[in-house]
Amino acid sequence: YKSVGRGANLDLGLSPNRDGQLHAEDVASLERFGKILKNIFSENLAKKAKFTASNIRGNNAEKFGTQLLTDDDRYSYWATDDSEKTPELLLDFKKEIAFNVIRIRENIKLGQRIEKFSVEAFIGNRWQNIASGTSIGPNRLLKISQIIKTKKVRLRIEESPVCIAISDFGLFLEPEHPAKPEIIRKGDEVLIKTEKKASVYFTRNRKIPNEKSEKYIKPILLADGGMIRAAAVKKDK
């Protein structure tokens with residue numbers, strides 16, 4: 001969200017070990033990270049909406065219409081007339097959706113144009129601001145601290161020196177992740193605390209734990225010392 005989500009590259013900062021290979025734990029972490037990303041961005045909920053724009057350039061919906069916001073083409077775009085620099089975009093859903101990630105992209109071939117914007121959701125019979133920013137550029141991801149449930153979303157362009165050229169608008173749901181387990185040593189025993197809705201798995205051999213590892217049920221006896229590594233897994237309802 002602070003690199004790719006702000007139009008930059010993600011630097012993983014990985015380096016090979018003495019054998020010239022990436023460490024197995026790094027590979028495992030990347031695999032889990034990749035699964036999380038695929039899960040978050042697998043479904044663009046905005047594709048379920050009916051789009052209404054306050055203005056479409058030259059009334060040419062085929063070339064500049066809102067359907068181009070969800071066609072997965074980075075360079076097709078919704079544009080407005082030269083005089084329309086603060087347009088609005090309304091998304092109307094038949095059924096309530098739940099999301100906490102917003103993605104907006106400009107057609108960067110035409111330059112970065114937008115200088116201020118906000119996103120609102122219709123909640124409790126009124127429009128509420130849920131996110132805002134001062135720039136978009138090639139890619140902007142906004143993570144909302146809570147899950148938004150609504151049937152209507154509105155994008156408002158508040159400042160732009162020229163007409164807008166937005167190539168993408170997306171809404172996504174990032175599942176909640178369980179908090180990192182807390183490992184507590186009491187004498188020869190090791191206790192692991194985590195959220196009530198999460199299950200904890202652990203290893204004694206320094207390997208990264210997963211759902212196939214030993215499940216934590218009661219304090220672990222570690223009289224001869226050693227290392228305990230734990231992972232919390234939240235089950236789907």
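At 68% relative accessibility, Lys95 counts as exposed, a label given to residues over 50% relative accessible area, whereas buried means under 20% and partly exposed lies in between (1.4 Å probe, protein chains only). The structure is a predicted model, in which local features need pLDDT of at least 70 and side-chain atom pairs count only at pLDDT 80 or more, while totals for chains, interfaces and linings use all residues. Residues are numbered from 1 along each chain as its sequence is written, and side-chain values use heavy atoms, with hydrogens and water left out.

Lys95 belongs to strand 3, which covers residues 88-106. Strands here are DSSP runs of E with at least two residues, and helices are runs of H or I with at least four, both numbered from the N terminus. Leaving aside residues up to four places away in sequence, Lys95 touches Thr150 and Lys151, where a contact means heavy atoms within 4.5 Å. Lys48 lies 47 residues from Lys95 in sequence, and the C-alpha atoms of the two are 9.1 Å apart.

Strand 10 (residues 198-203) is joined to strand 13 by six bridges. Tyr201 faces Ala231 across this pairing, and Thr203 is opposite Arg229. Two bridges link strand 10 to strand 11, where Phe202 stands opposite Glu214.

How much of strand 10 is buried? Six of its six residues are, so strand 10 is largely enclosed by the rest of the structure. In a regular strand the side chains alternate between the two faces of the sheet. Both faces of strand 10 are covered, with Ala198, Val200 and Phe202 buried on one side and Ser199, Tyr201 and Thr203 buried on the other.

Now for the chain as a whole. The chain has two helices and 13 strands. Its radius of gyration is 23 Å, well over the 18 Å that the globule rule gives for 237 residues, so the chain is more spread out than a compact globule; the radius is taken over C-alpha atoms, and the rule is 2.2 Å times the number of residues to the power 0.38. Along its principal axes, the C-alpha trace spans about 75 × 50 × 25 Å. Of the 237 residues, 37% count as buried. Among contacts between residues at least 6 apart in sequence, 69% join residues at least 24 apart.

Conventions:
Two strands pair if DSSP finds at least two bridges between them.
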